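Trainee: I would like to learn how to read helices and their contacts. Please take me through an example.

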Amino acid sequence: MASRKTFRRILTRRLVNVVITIFGIMVLNFFLIHFMPGDPVQNIVPRGNKYDESIRWALYEKFHLNDSLPEQLAWYLWNTISLDWGTSYILNRSVSSIIFQDMRWTALLVGTSTFIMILLGVAIGALSAYRRGSAFDVGATSISLFFYGMPVFWMALILQALFTTHPLGMSWWPQLPPSGYYDSDRYGHLAWNLPVILSILKYLILPATVLAVGSLAGVSLVMRSALVDTMTEDFILTARAKGLTDYGVLRHHALPNGMPPMIALIAMDIAFIIGGAYQVEYVFNYPGIGFRTIDAIGALDFPILQFIVVVGGIAVVVANFIADMLLYYVDPRIKIS
Amino acid sequence: MRIITRSGLGKCGLWRHVPTSLLLVAAIALLAGGLYPADSQDSERELAIVLAEDDGPTANAGGNQNVTKGAIVTLNGSGSMGFEGAGNLNFTWNITFSNRTAGTQLADLYGMNQTIHANQTGVYTIRLNVTDSLNRTGSDTIYIIVTEPPKTFLEKNWLSLIILGVLLLIGGVYLRRAIRNLRAGLPMITEAGQEKIKLTVKKTRKIMKQLVKNRMGILGIIILIAFGIMAVIGPSVAGDVKTQSEDPSTMRQKPSEDHWLGTDNYGIDILDELFYGARTSMVVGVVSAIIASFLGAAVGLYSGYVGGWKDEVVMRANDVVLSIPWLVLMIIVAAMLGEIDLTGIILIIGLTGWSYTARLVRAQVLSIKERQYIERARSIGASDLNIIGRHIFPNTFPMIFANTILTVAVSILSEATLSFLHLRPVGEVTWGTMLSFASDNSAFENGLHWWILAPGLCIVVVVLGFTLLGYALDDILNPKLRHR
């Protein structure tokens, strides 16, 4: 029972930290965004006699831009918590609806690619640890290292070019859609039926692959070195001596020991993966949060920017929290201090 | 900073207005067709035949000019009439300005004399059209090339000056100590000092031996030496990479003997750009990594050493910075600053990238702080600053050093990514800006494969070099710290 008590204490502590961090993210964001150059209202009210000062004034009032900085901050915090995220300056739609709409696509992209990444990374890492020093190990490690140093957007550009042409005149070469998120010319408005879902999956292949391969290297390398460490331990020898097959040793004795560093790595990588998703979305015109951010910066669309950063930060904090808790379950030796 | 998205058209729903606007255009065309006179009047035609014997007015725009940025250019137009009866001359200036960052801008000015404020580097293509009252025209085209003003000594050498200053400072400290020793009649090198030097040499030799044994580390060093040479000699080997060509035949060339990797959309040799960009990219990477490490080390040392609630506050702030996705924070800060030059990019990457280092340093400081020699130093009355400077920092330095090298890799990637997202240093050429311009001008579709492939490969290899060296050093310098 004592362990449950400590777990509860750790959970509470972590939760308090999460709340503090999220609060910090909101405050930091407020100041970051408000030091942006340019007057957003000037940008949406076209200059000319047709539009008088009253429109400008109304907009200032609407977004509380006339109040003092602390008041703006208070308004901002209150609105954030009550999910009243205002209206986008440019799109004239509620920010929360825009962000939640875009977030679905980013979540789909990041989720799919993380899934591919873990699957491939664990498989490659385990195999190359298992056959240490073999041609496969050397090849996989060097290719992983190559991908590790590769700018995500660069690979996106190359794959985009590769799968929209027929290199060397190979007519059987598969063609994949270079941009967008489903075949909107053919299916019109987004409706949830089978052909559209298949189309969405087809449009997901390239972005998800790019994103997965970009962070695959870290996972497979960490998996490999964790397993290499484990494979030299005594209990592996014992397991072998018991007569377990190689697969059995790997599956039941070695792999579980490789999990904790993996989880820690993925939790740390989430921030990088989201950064990568931005680049991928930009290259493939995938209508997610990243694409929206770059649009919003061009238009100085403060409300959207503010909440995109907040949502991104919260996603990372929550992912880290979940990872910590998972670590606690997976590896009972860890005492989270 | 305005970012031009690549498919704004689809996103803002413009396609919905296509039918309406087509109708509108058709209506306007019909209207214009109906109003336009079907045939000119006979008398005018006769006059034109009579006047065709002379060539109409001639224009003179005043000749080509080369100016530096910020200059005010006066355009003195003049023209002569073909014959006396042609009435007054009308002057129209068609001004086209183009450069790599702004693209192409057009303007028309009317009047005989004009002034242009040349506040951006680039090329003005100016065409003076002269029209007389009989609608006959003459024209003259001139170019005004706006270049950067020559850099002052400080602007050119600020980095070298800083390095020189630091070296002088270190030298000065040693000199002062030597002079003090001489005056006091102490031996220059004490026995303890000799022993210390011997130990240091021995340790360095050991590290070098381990590094040579580490194949990955050696590969990293070889890569870095190669690219280091490229960075040092690059800009002097490369030709002019900032002035775009006016001659269309030099643009978009395939690889040839003269241009090994071909030329880009602006008629600039891609290999030249690659060599030029080597230095800028490496400088961005190294300097911003040093800034980040310095800040991270300072924060980590402070927070780890002080402990208590101050530590808690600093670490929570650190968590906040860490949890905002890496790229997002940089994009926002870059957009905040608006137009950024190379120094701006360096500062952005350096100032946003310190939190991970801070966390690492803090963890190590926490473990070092509890060791006995710290306790001893404190008991003989050493001040906090002294303990940090003399005992804690030297023990964390190997890790900070290895981590800095890893950070360089990330910084180079960051610069490339920022540049690619149009947050590029104004008027500079780096590998990142090359990629950015290449993708803006759809290099693959135009068959300019090397424009994208070459800088990308350079980035990959350099990042690889720094990563390999960093991990090798990390393995050697702190074997127990990372269980990898």
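This is a predicted model: local features need pLDDT of at least 70, side-chain atom pairs count only at pLDDT 80 or more; totals for chains, interfaces and linings use all residues.

Mentor: Residues are numbered from 1 along each chain as its sequence is written, while chains are lettered from A and ligands numbered from 1 in the order in which they are written.

Trainee: Where in α13(B) does a kink lie?

Mentor: A bend at a residue is the angle between axes fitted to the seven residues ending there and the seven starting there. In α13(B) there is a kink of about 50° at Phe393(B), shortly before the proline Pro394(B). Just after α13(B), a positive phi of about 70° is found at His422(B).

Trainee: How do I describe two helices that pack?

Mentor: Two packed helices are described by the angle between their axes and the distance between the axes. Axes are lines fitted to C-alpha atoms, for helices over the stretch in contact, with angles from 0 to 180 degrees between N-to-C directions. The axes of α13(B) and helix α14 (residues 431-440) of chain B come within 8 Å and cross at roughly 30°. That makes α13(B) roughly parallel to α14(B), because angles under 35 degrees count as roughly parallel, over 145 as roughly antiparallel, 65 to 115 as roughly perpendicular and the rest as oblique.

Trainee: Which residues of α13(B) and α14(B) meet?

Mentor: Residues are in contact if their C-beta atoms, placed from the backbone, lie within 7 Å. Those of α13(B) include Glu415(B) and Phe420(B), and those of α14(B) include Trp431(B) and Ser439(B). By class, this contact has 5 nonpolar, 5 polar and 1 charged residues. (Ala, Val, Leu, Ile, Met, Phe, Trp, Tyr, Cys and Pro count as nonpolar, Asp, Glu, Lys and Arg as charged, and the others, Gly among them, as polar.)

Trainee: At what angle do α7(B) and α14(B) cross?

Mentor: Their axes cross at roughly 130° and come within 7 Å. That makes α7(B) oblique to α14(B). Glu273(B), Gly277(B) and Ser281(B) of α7(B) make the contact with Trp431(B), Gly432(B) and Met434(B) of α14(B).

Trainee: How many residues does each chain give to the contact between chains?

Mentor: Chain A gives 42 residues and chain B gives 39 residues. The side of chain A that touches chain B has 28 nonpolar, 13 polar and 1 charged residues.

Terms used
Helices (H or I, at least four residues) and strands (E, at least two) are DSSP runs, numbered from the N terminus. Two residues are in contact if their C-beta atoms, placed from the backbone, lie within 7 Å.
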